[in-house]
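The following briefing concerns a single chain whose sequence and three-dimensional structure are displayed below. Please consult both while reading the points that follow.

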Amino acid sequence: MRRRAAEYRRPVRSRRFSYWIWALFGLFSIAGLVLFVLHHKQNEDRVEQPVLENNERFEQVAHEGLNFTEDILSARSFSRQLAEQMTLAKAYVIIAKEHNNLHLAWELSTKIRSCQLLLSKAAMRGESVTLEEAEPIIKSLSSLIFRAQDAHYDIATTIMTMKSHIQALEERAHAATIQSTVFGQLAAEALPKSLHCLHIKLTADWLKKASIQVLADEKRNSPRLMDNNLYHFCIFSDNVLATSAVVNSTVSNADHPKQLVFHIVTNGVNYGTMQAWFLSNEFKGSTIEVQNVEELSWFNASYAPIVKQLLDPDSRAYYFGGYEDLNVDTKLRNPKHLSLLNHLRFYIPEIYPQLEKVVFLDDDVVVQKDLTPLFSLDLHGNVNGAVETCLEAFHRYYRYLNFSNTIISSKFDPQACGWAFGMNVFDLIAWRKANATARYHYWQEQNADGTLWKLGTLPPGLLTFYGLTEPLDRRWHVLGLGYDLNIDNRLIESAAVIHYNGYMKPWLKLAIGRYKPLWERYVNQSHPYLQDCVTS
């Protein structure tokens with residue numbers, strides 16, 4: 001076949017199309033490579049993140065594993081096994097000693113010490129006890145415990161032995177508690193050296209300086225002592241420094257201190273001391289009378305049943321006896337209950353027959369507000385104005401009196417609210433009208449055998465003034481500064497009178513440090529006698 005001429009042939013197709021194909025293929029390859037690199041990077045990030053999280057979790061678990069308390073409580077830990085075996089071994093040590101098997105007791109004690117040392121090291125390093133550490137001790141303790149059981153120290157024997165030891169420990173704890181109370185009471189009863197020194201110096205002044213005795217005689221018949229237009233306070237005490245703090249705090253916070261009259265009664269031993277102190281010191285113009293209880297001739301055994309009872313030899317032996325009998329409440333051994341001064345509060349109308357109203361203050365109180373508004377309070381015909389203490393259940397009548405006795409249970413409500421001595425307003429006109437002192441005598445005679453109550457002046461006070469007591473606002477009298485460490489500061493600051501009832505009196509080293517400055521601010525520390533007695 002003859003070929004066509006060149007001009008008649010079909011034109012050849014362009015090869016540019018193949019170039020485009022290769023270009024697209026190259027682009028796709030590059031994109032794929034980029035995607036592969038990015039995907040690989042993401043996979044690496046995803047792998048690294050769980051690794052870091054796992055590491056953090058591992059560190060947290062490792063940190064939590066440092067809690068030795070949780071470790072020793074874990075049922076699977078070697079620490080717990082060691083602790084349980086050690087407890088059992090301690091019981092067998094006691095039993096082995098009681099059966100005179102001293103060698104076994106020594107072996108058990110040695111392994112117990114090894115166990116304690118291992119647990120202590122584990123706690124210090126913050127790691128659990130390992131099997132290698134625990135296995136030798138567990139095996140040896142198990143072997144010794146088996147030997148103890150084989151020696152007939154069975155579970156029954158163990159239980160009986162432990163019961164007897166628990167009972168013995170309880171008895172020892174009870175005896176220690178009583179002994180602690182006794183020591184506290186003895187410390188509270190003891191006169192501090194500085195107070196004894198002050199007493200000696202003041203007594204010497206009273207005996208040597210005739211001018212003080214002359215001045216005392218001149219003031220004995222002052223008309224202010226019977227003036228019912230003035231404000232009268234009575235304090236019965238044998239502690240000159242405590243009484244001085246009461247007087248000083250009262251006049252320091254009074255709006256008109258010159259209108260205050262203080263009636264102090266003390267015993268014969270401290271009479272000269274009191275006179276010398278109060279006559280040689282100024283208390284802002286207030287009037288101060290000091291009397292000797294031994295000069296109250298009417299206050300004798302034929303008139304006052306309490307005097308007859310306190311003079312009874314059995315009573316004196318009971319209160320001043322030793323502390324060998326641990327079954328007797330140590331509070332009942334306090335010789336202060338033999339002090340006639342402690343019972344004079346029931347004879348205020350007889351001591352001050354011309355007065356109509358008085359405020360009674362204990363010598364362990366501090367006055368922080370003006371007390372003269374107490375004299376204008378309406379007692380609604382009652383004899384005694386006092387702050388009630390029944391916010392706590394243990395300050396109700398049944399806690400002070402023997403309600404198993406029909407004399408008590410037939411006349412009094414066991415849930416009646418108790419109240420406090422220490423700061424009391426007494427309407428002496430109402431007292432005489434109600435013949436309250438005769439009621440007091442009646443109850444003292446009924447309690448001659450000590451079956452109605454056992455302690456102090458509050459129980460007979462609750463009986464004497466039952467139905468004759470007017471409740472006062474709690475802020476007038478805050479108690480507990482002689483034993484309670486947790487009294488609210490706001491309550492103390494708002495109180496007119498704070499009371500250091502309890503063994504921790506503010507003039508003793510036993511005093512609660514938090515409350516002591518409230519008392520010390522009313523003690524004249526600059527007095528030369530006090531300075532000499534503190535430094536001597």
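## Structural briefing

Strand E2 is mostly covered, with 7 of its 7 residues buried; buried means under 20% relative accessible area, exposed over 50%, and partly exposed in between, computed with a 1.4 Å probe and protein chains only. The model is predicted, so that local features need pLDDT of at least 70 and side-chain atom pairs count only at pLDDT 80 or more, while totals for chains, interfaces and linings use all residues. Residues are numbered from 1 along each chain as its sequence is written, and side-chain values use heavy atoms, with hydrogens and water left out.

**Chain overview**

- The chain contains 20 helices and 9 strands; helices (H or I, at least four residues) and strands (E, at least two) are DSSP runs, numbered from the N terminus.
- Of the 536 residues of the chain, 43% count as buried.
- Among contacts in the chain with a separation of 6 or more, 74% come from residues 24 or more positions apart; contact means heavy atoms within 4.5 Å.

**The sheet and its strands**

- E1 and E2 run parallel and are joined by 6 bridges, and Ile-235 stands opposite Ile-264 in E2.
- In a regular strand, side chains alternate between the two faces of the sheet.
- In E2, Leu-260, Phe-262, Ile-264 and Thr-266 point one way, Val-261, His-263 and Val-265 point the other way, and all are buried.
- E6 (residues 384-386) and E7 (residues 423-427) pair in the antiparallel sense over 2 bridges.
- Asn-384 stands opposite Phe-426 in E7.

- H9 and H10 pack against each other at an angle of about 35°, with their axes 10 Å apart.
- The crossing of H9 and H10 is right-handed; a crossing is left-handed if the near helix is turned anticlockwise from the far one by less than a right angle, and right-handed if clockwise.
- Val-240, Thr-243, Ser-244 and Val-247 of H9 make the contact with Thr-273, Met-274, Trp-277 and Phe-278 of H10.
- By class, the contact of H9 with H10 has 5 nonpolar, 3 polar and no charged residues; Ala, Val, Leu, Ile, Met, Phe, Trp, Tyr, Cys and Pro count as nonpolar, Asp, Glu, Lys and Arg as charged, and the others, Gly among them, as polar.

**The H4-H5 helix pair**

- The axes of H4 (residues 102-125) and H5 (residues 131-150) come within 10 Å and cross at roughly 155°.
- That angle makes H4 roughly antiparallel to H5, since angles under 35 degrees count as roughly parallel, over 145 as roughly antiparallel, 65 to 115 as roughly perpendicular and the rest as oblique.
- H4 passes H5 in a left-handed crossing.
- The contributors from H4 include His-103, Leu-104, Glu-107 and Lys-111, and those from H5 include Glu-133, Ala-134, Ile-137 and Arg-147.
- The contact of H4 with H5 comprises 9 nonpolar, 3 polar and 5 charged residues.

**Individual residues**

- Lys-284 lies in the loop between H10 and E3. Its phi is near 55°, a positive value in a residue other than glycine, and Lys-284 is partly exposed at a relative accessible area of 45%.
- Asn-435 is found in the loop between H15 (428-434) and H16 (436-446). Although Asn-435 is not a glycine, it has a positive phi of about 55°; at 46% relative accessibility it counts as partly exposed.
- Asp-532 is found in helix H20 (residues 528-535) and, at 40% relative accessibility, counts as partly exposed.
- Asp-532 and Leu-198 are 334 residues apart in sequence and 8.7 Å apart in space, C-alpha to C-alpha.

Technical notes:
Axes are lines fitted to C-alpha atoms, for helices over the stretch in contact, and angles run from 0 to 180 degrees between N-to-C directions. Two strands pair if DSSP finds at least two bridges between them.
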